[in-house]
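Visitor: I am new to this structure. Please show me how to read it, one feature at a time.

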Amino acid sequence: MTKLGGCTVKLNFLSMFIVVVKILFLSSSFNSQLSSSSSYSPVALALSPTAPPMLSKFVAIKMAHVVATITKPQREQLKKEILSLAAETQRGLTATPEQQATMDKLFGRLEKVNPTPNPLLDATKINGLWTLRYTTSDSILGKKDGFTREGPILQMLNVTSLTAFNSEVVNYFGVLSLPRKVIAELSPQSNRLTNVLFKRFEIGPLKIKAPESAQGQLDVTYLDETLRLSRGDKGNLFVLTK
C-alpha cells in the first residue's frame, strides 16, 4: 500500500495499469498512431476508436476508479471552503472583488473533479429541491431591485418530468413580504446543458404567463449527492446544496 494525495491506493492495481500501458505501446497499431502524433498519451490511445473494445473498457473503468479514489478528499476540502465562503458573503450579496475571485478559483477547481460527468442523466442525484448557497447573479441577490430576499432561495429540478421552479420570499419596502415563484420547463441540449423555458411568474396570488422570449440556459458542471455547481448563460455562478 502507498499514499497518493492523502489517499491510499493499492500497488497491485497500479502495477496492473502499468502493464496495460506497456501492452499498448507494444501494439503495432498503436505504435503507428504514436509515431504520427506525439501528443497521444497511453490513456488516450487506450480509449481511442481503434483500441480493442475490452481493453478500452478496462482502462476507462480503472482510470475512473483511480480518479475517484485520489480526488475524494480534495473534493470534500473544496466543498468545505466553497460553502464557508458562501456563508461568509451572505450568498454572494456582500462579496468583495477579492472574495469573488477566490470563489471563482475554488469553483473551477471543484468542477475539474466532478464525479458525475452526465448529471442530467442521473435523476437520483439531480432531482429534488436545492437551496442556493452562493451566486454572482445581481438580480437573484436583489442588488438590481433593492428588495431584500428573506429566508432560503430554492430551486426544484426534475429531469424526469423536465420541469423546474425557483422560489423565494421578497420583502418590499420593509413592510410587505410576498412569495415569488418562477415555473419553467427544461429542454436538455446535452448530458449536462439544458435550455430553461420560463412558463409562468407568480408574485403572491398573482400569476403571469411568461413571454416566449423568457429563456435561459443552465450548465451543470459539478454534481454529487449533496452539492451542485451550475453556470448560467449570462456567465453567473451558482452553488446549491440539498
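**Reading the model step by step**

Guide: Begin with one pair of residues. In strand S9, Asp-219 is the bridge partner of Leu-193. Keep in mind that this is a predicted model.

Visitor: Which strands does that pair belong to, and how do they run?

Guide: Strand S7 covers residues 193-203. S7 pairs with strand S9, residues 215-223, in the antiparallel sense. Five bridges hold that pairing.

Visitor: How many bridges join S6 to S7?

Guide: Nine, and these two strands run antiparallel. For a landmark, find Ala-184, which stands opposite Phe-198 in S7. A hairpin of four residues leads from S6 to S7.

Visitor: What pairs with S7 over four bridges?

Guide: Strand S8, residues 206-209, again in the antiparallel sense. Ile-203 stands opposite Leu-206 in S8. The hairpin of S7 and S8 has two residues between the strands. Gly-204 in that hairpin takes a positive phi near 60°.

Visitor: Where do side chains point along a strand?

Guide: In a regular strand they alternate between the two faces of the sheet.

Visitor: Now the whole chain. How many helices and strands are there?

Guide: The protein chain has seven helices and eleven strands. It has 242 residues, and 38% of them count as buried.

Visitor: What share of the contacts comes from residues 24 or more positions apart?

Guide: Count the contacts with a separation of 6 or more. Residues 24 or more positions apart account for 47% of them. Asp-122 is found in the loop between helix H5 (97-111) and helix H6 (123-126).

Visitor: Let us turn to charges. What is the general idea?

Guide: Side chains of opposite charge can pair when their charged atoms come close. The count here comes to nine salt bridges.

Visitor: Show me one inside a helix.

Guide: Take Glu-76 and Lys-79. Their closest N and O atoms are 3.6 Å apart. Both sit in helix H4, residues 53-88. They are three residues apart, so about one helical turn separates them. Glu-76 is partly exposed at 39% relative accessible area. Lys-79 counts as buried, at 9%.

Visitor: And one that reaches across the sequence?

Guide: Glu-111 and Arg-231 meet in a salt bridge of 2.8 Å, N to O. Glu-111 lies in helix H5 and Arg-231 in strand S10 (residues 227-232), so the pair ties together parts 120 residues apart in sequence. Glu-111 is buried, with a relative accessible area of 18%. Arg-231 counts as partly exposed, at 28%.

Visitor: Which residues do salt bridges that share partners join into one network?

Guide: Start with Arg-149 and Glu-168, whose side chains meet at 3.5 Å, N to O. Arg-149 is in strand S4, and Glu-168 is in strand S5 (residues 163-172), 19 residues apart. Both residues are buried. Shared partners then join Asp-145, Arg-149, Glu-168 and Arg-180 into one network.

Visitor: Which side chains make polar contacts with Gln-155?

Guide: Asn-166 is one, at 3.1 Å. Arg-228 is another, at 2.7 Å. Leave aside neighbours within four places in sequence, and the contacts of Gln-155 include Gly-128, Trp-130, Phe-165 and Leu-240.

Visitor: Last stop, the surface. Which residues make a nonpolar patch?

Guide: Phe-173, Val-175 and Leu-176 make one of about 380 Å². Leu-176 has its place in strand S6, residues 176-188. Its relative accessible area is 43%, so Leu-176 is partly exposed.

Key. Residues are numbered from 1 along each chain as its sequence is written. This is a predicted model: local features need pLDDT of at least 70, side-chain atom pairs count only at pLDDT 80 or more; totals for chains, interfaces and linings use all residues. Side-chain values use heavy atoms; hydrogens and water are left out. Patches are made of residues with over 30% relative accessible area and no salt bridge: like charges are joined within 9 Å, nonpolar side chains (Val, Leu, Ile, Met, Phe, Trp, Tyr) within 5 Å. Accessible areas come from the Shrake-Rupley method with a 1.4 Å probe; for residues, only the protein chains shown count as cover. A salt bridge is a side-chain nitrogen of Lys or Arg within 4 Å of a carboxyl oxygen of Asp or Glu. Buried means under 20% relative accessible area, exposed over 50%, partly exposed in between (1.4 Å probe, protein chains only). A polar contact is a pair of N or O atoms within 3.5 Å; within protein, one must be able to donate a hydrogen and the other to accept it, and residues adjacent in sequence count only if both atoms are side-chain atoms. Contact means heavy atoms within 4.5 Å. Two strands pair if DSSP finds at least two bridges between them.
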